[in-house]
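The structure is shown first, and the notes follow by topic.

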Amino acid sequence: MAYPYTLPSLPYAYDALEPYIDAKTMEIHLHKHQQAYVDKLNEALKDHPSLQKKELVDLILNLEKLPEKVRDKVRNQGGGHLNHSMFWVLMKKKGGKPTGPIHTAIKKQFGSFDTFKEKFTEAAKTRFGSGWAWLIVNPKGDLEVVSTANQDNPLTAGAIPLLGLDVWEHAYYLKYQSKRPDYIDAWWHVVNWDQVNDYYQI
Ligand code: MN
């Protein structure tokens with residue numbers, strides 16, 4: 001992904017994740033929320049031709065090297081664009097349980113898929129305010145569940161994100177109102193573990 005940034009298209013229909021995530025939420029989430037991150041990121045970089053040539057991931061990996069004027073914008077708007085672009089492909093119709101190498105690694109690290117699921121759900125439920133829950137490969141090379149505030153991506157902490165769940169209210173409020181735990185429970189049905197395996201094997 002590079003400047004000028006554009007909205008990705010979903011790899012499925014807006015209603016593909018029904019009844020777990022509703023079509024209207026998907027549409028607004030993509031076309032209003034992510035579009036705003038894209039627009040503000042492009043605006044932030046418009047007078048910085050040298051930064052326009054870099055990949056978004058490189059900018060996010062090197063936030064401290066960016067001019068102060070654009071640093072927070074790349075962190076928040078660039079993070080928003082990157083996180084959502086990952087989020088869409090990490091879901092699919094008829095998702096479900098992990099298979100393959102990531103399943104083996106989860107069992108090894110957490111004991112069982114259910115224990116991992118509890119940990120991840122807890123991280124997502126207890127993230128105060130807006131943010132994300134993640135399954136990452138930490139800098140030591142182990143799988144770990146973490147959460148981040150706002151649009152921060154685990155990449156900035158030297159980790160590799162494998163699976164992310166958006167727990168901003170805009171991700172669930174239309175259907176679930178204040179019931180974030182119900183949204184989290186529903187989301188497990190649409191997790192695209194094939195994509196998690198792809199990220200894990202890079
Ligand atoms: Mn979002």
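The donors of the manganese ion are spaced along the chain as H-x54-H-x81-D-x3-H, where donors are N, O and S atoms within 2.8 Å of the metal (3.2 Å for Na, K and Ca) and water is not among the atoms, so sites may look incomplete. The model is predicted: local features need pLDDT of at least 70, side-chain atom pairs count only at pLDDT 80 or more, and totals for chains, interfaces and linings use all residues. Residues are numbered from 1 along each chain as its sequence is written, and side-chain values use heavy atoms, with hydrogens and water left out.

**Manganese site**

- His29 (NE2), His84 (NE2), Asp166 (OD) and His170 (NE2) coordinate the manganese ion at 1.9 to 2.1 Å.
- Distant parts of the chain are linked by the pair His29, in helix α1 (residues 23–45), and Asp166, in strand β3 (residues 160–166), which are 137 residues apart; helices (H or I, at least four residues) and strands (E, at least two) are DSSP runs numbered from the N terminus.
- His29 counts as buried because its relative accessibility is 2%, buried meaning under 20% relative accessible area, exposed over 50% and partly exposed in between (1.4 Å probe, protein chains only).
- Asp166 is likewise buried, since its relative accessible area is 0%.

**Surroundings of His84**

- His84 lies in helix α4 (residues 68–89) and is buried because its relative accessibility is 0%.
- The side chains of His84 and His29 make a polar contact at 3.0 Å; such a contact is a pair of N or O atoms within 3.5 Å, and within protein one must be able to donate a hydrogen and the other to accept it, while residues adjacent in sequence count only if both atoms are side-chain atoms.
- Leaving aside residues up to four places away in sequence, His84 touches His29, Gln34, Tyr37, Trp132, Gln151, Asp166 and His170, contact meaning heavy atoms within 4.5 Å.

**Packing of α1 and α4**

- Helices α1 and α4 pack at about 145°, with axes 9 Å apart; axes are lines fitted to C-alpha atoms, for helices over the stretch in contact, and angles run from 0 to 180 degrees between N-to-C directions.
- The residues in this contact include His29, Gln34 and Tyr37 of α1 and His81, His84 and Trp88 of α4.

**Packing of α6 and α8**

- Helix α6 (residues 113–126) and helix α8 (residues 180–187) pack at about 145°, with axes 10 Å apart.
- Phe120, Thr121, Ala124 and Lys125 of α6 meet Arg180, Pro181, Ile184 and Trp187 of α8.
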